[in-house]
Amino acid sequence: MRRFEMILPSSVDECVKALATHGAGAKTVAGGTDLLPQMKNGLVKPAVVVDLGGIAALKGVTNGAGLRVGACATARELELHPEVRKRYTALADGAALVGSVQVRNLATVGGNLCNAAPSADMAPPLMALEAEAVIAGPKGERRVPLSAFFTGVRQTVLGADELLVALVMPAPPVPPEAGLYVSGGSYIRHTPRRELDIAVVGVASQVTVQNGRCVKARIALASVAPTPVHATAAERALEGQPLTPERIEQAAGLAVEAAKPISDQRGSADFRRHLVRVLTRRTLTAALARARA
Ligand SMILES: Cc1cc2nc3c(=O)[nH]c(=O)nc-3n(C[C@H](O)[C@H](O)[C@H](O)COP(=O)(O)OP(=O)(O)OC[C@H]3O[C@@H](n4cnc5c(N)ncnc54)[C@H](O)[C@@H]3O)c2cc1C
């Protein structure tokens, strides 16, 4: 590994100033589980590394009208957080699948999203939950829907002088607010090995149901395109309809339209399309069961 300068800001402002000063030569580090292997392998060679670990505003999970997840909240925190497990189940599912317990104790949600791997396990659940990215830069804060955050493989809308501060998302409705509305979510991925493997395909579904009919469906896919994508045709096919097994099967077929997979050593494009259909069916069925639970 090459030598680099380390900066330890204690606030978002200090961090933004450091990034603005050093430009593209600087890299932020949170848990380091993506960045350090990349540095070790010479894939990235920052002259300056800015450690986010001392910035209190990036930490924690706050539950109110919706959920605010600090960019430095770890996968382990999300996996175990009682409110996330109860109301934001797809996110708890995705967080629980990242690496091993040792990795999850370090791996942050911000790092998972900003690394922008097509297989990132926390991206589809957050997209299905309609999260927005809160981004800080020299001109202040801006918000970007997570569905518009990713621009390519390992590319996001973040400028070199910006950092991700948090994810914010609306609360899915639950009784008693909704005697009529209920909502549930699920994320499932396929990997050849049970642990320490990345998704060949991952699917997150979130459904809101009123009087037996779907009023909102959000389905997001990982590892089938350069960025995580919404299965919009499948979402539209469900809205306004009763979530019968036949309707779910039809939506699972439509979800395949959103997938533009490649063939690689992990699976062929055809196998990935097959997985999209199967995992969409399974996550929709699980989401509906959780909504009714
Ligand atoms: C053994 C192993 C297994 C893994 N298994 C999985 C898996 O199953 N699923 C999965 O999705 N991932 C997996 N990963 C990848 C990794 O653990 C996750 O992507 C993790 O969430 C990255 O978070 P981090 O805090 O470690 O990121 P870091 O390595 O600290 O940062 C990653 C990138 O994001 C940038 N960054 C970090 N935080 C911010 C911020 N707030 N604002 C702007 N930029 C930021 C950094 O500059 C860097 O480019 C695995 C990694 C390892 C080593």
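This is a predicted model: local features need pLDDT of at least 70, side-chain atom pairs count only at pLDDT 80 or more; totals for chains, interfaces and linings use all residues.

**The ligand shell and what surrounds it**

By class, the shell around the ligand holds 19 nonpolar, ten polar and three charged residues. Residues are numbered from 1 along each chain as its sequence is written.

In total 32 residues surround the ligand, and the closest are Ala30, Gly31, Gly99, Gly111 and Asn112.

Helix α7 gives the most, with five residues. The names are DSSP runs numbered from the N terminus: helices are H or I with at least four residues, strands are E with at least two.

Now the domains. The assignment gives domain 1 (5-51), domain 2 (56-170) and domain 3 (181-292), with bounds that come from an automatic or database domain assignment. Domain 1 and domain 2 both give residues to the shell around the ligand, so the ligand lies between them.

Back to Gly111 for a moment, which is in helix α7. Is Gly111 buried or exposed? Gly111 counts as buried, because 25 C-beta neighbours lie inside 10 Å. The cut-offs are these: a residue is buried if 20 or more other C-beta atoms lie within 10 Å of its own, exposed if 12 or fewer, and partly exposed in between, with C-beta atoms placed from the backbone. Not counting residues up to four places away in sequence, Gly111 touches Ala30, Gly31, Thr33 and Asp34. Contact here requires C-beta atoms, placed from the backbone, within 7 Å. Gly111 and Ala73 are 38 residues apart in sequence, and their C-alpha atoms are 9.6 Å apart in space.

Ser100 sits in the loop between α5 (89-97) and α6. With 10 C-beta neighbours inside 10 Å, Ser100 counts as exposed. Leaving aside neighbours within four places in sequence, Ser100 is in contact with Glu195 and Leu196.

**Domain 2 against domain 3**

The centres of domain 2 and domain 3, taken over C-alpha atoms, are separated by 20 Å. Across the boundary, 22 residues of domain 2 are in contact with 26 residues of domain 3. On the domain 2 side, the elements giving two or more residues are α5, α8 (123-128) and β8 (150-152). The residues on that side divide into twelve nonpolar, seven polar and three charged.

Helix α1 (residues 12-22) has Cys15, Val16 and Leu19 as its buried residues. Seen down the axis of α1, these fall within an arc of 100°, so they line one face of the helix. The arc is that of the directions from the helix axis to the C-beta atoms. What do the buried residues of α1 pack against? They pack against β2, β3 (48-51), β6 (132-137) and β10. Just after α1, Gly23 takes a positive phi of about 55°.

Strand β2 has a covered face, Ala26 and Thr28, and an uncovered one, Lys27 and Val29. β2 and β3 run parallel and are joined by four bridges, where pairing takes at least two bridges found by DSSP. Val29 stands opposite Asp51 in β3.

In helix α10 (residues 245-255), the buried residues are Ile248, Ala251, Ala252, Leu254 and Ala255. They cover an arc of only 160° around the axis, which puts them on the same side of α10. Their packing partners are β13 (213-222), α9 (232-238) and α11 (269-292).

**Two loop residues with positive phi**

Ala116 has a positive phi of about 55° although it is not a glycine. Ala116 lies in the loop between α7 and α8, and is buried, with 21 other C-beta atoms within 10 Å.

Asn211, also not a glycine, has a positive phi of about 50°. Asn211 is in the loop between β12 (201-210) and β13, and counts as exposed, with 8 C-beta neighbours inside 10 Å.

Note on methods: A residue is near a molecule or strand if its C-beta atom, placed from the backbone, lies within 6 Å of it. Ala, Val, Leu, Ile, Met, Phe, Trp, Tyr, Cys and Pro count as nonpolar, Asp, Glu, Lys and Arg as charged, and the others, Gly among them, as polar. Two residues are in contact if their C-beta atoms, placed from the backbone, lie within 7 Å.
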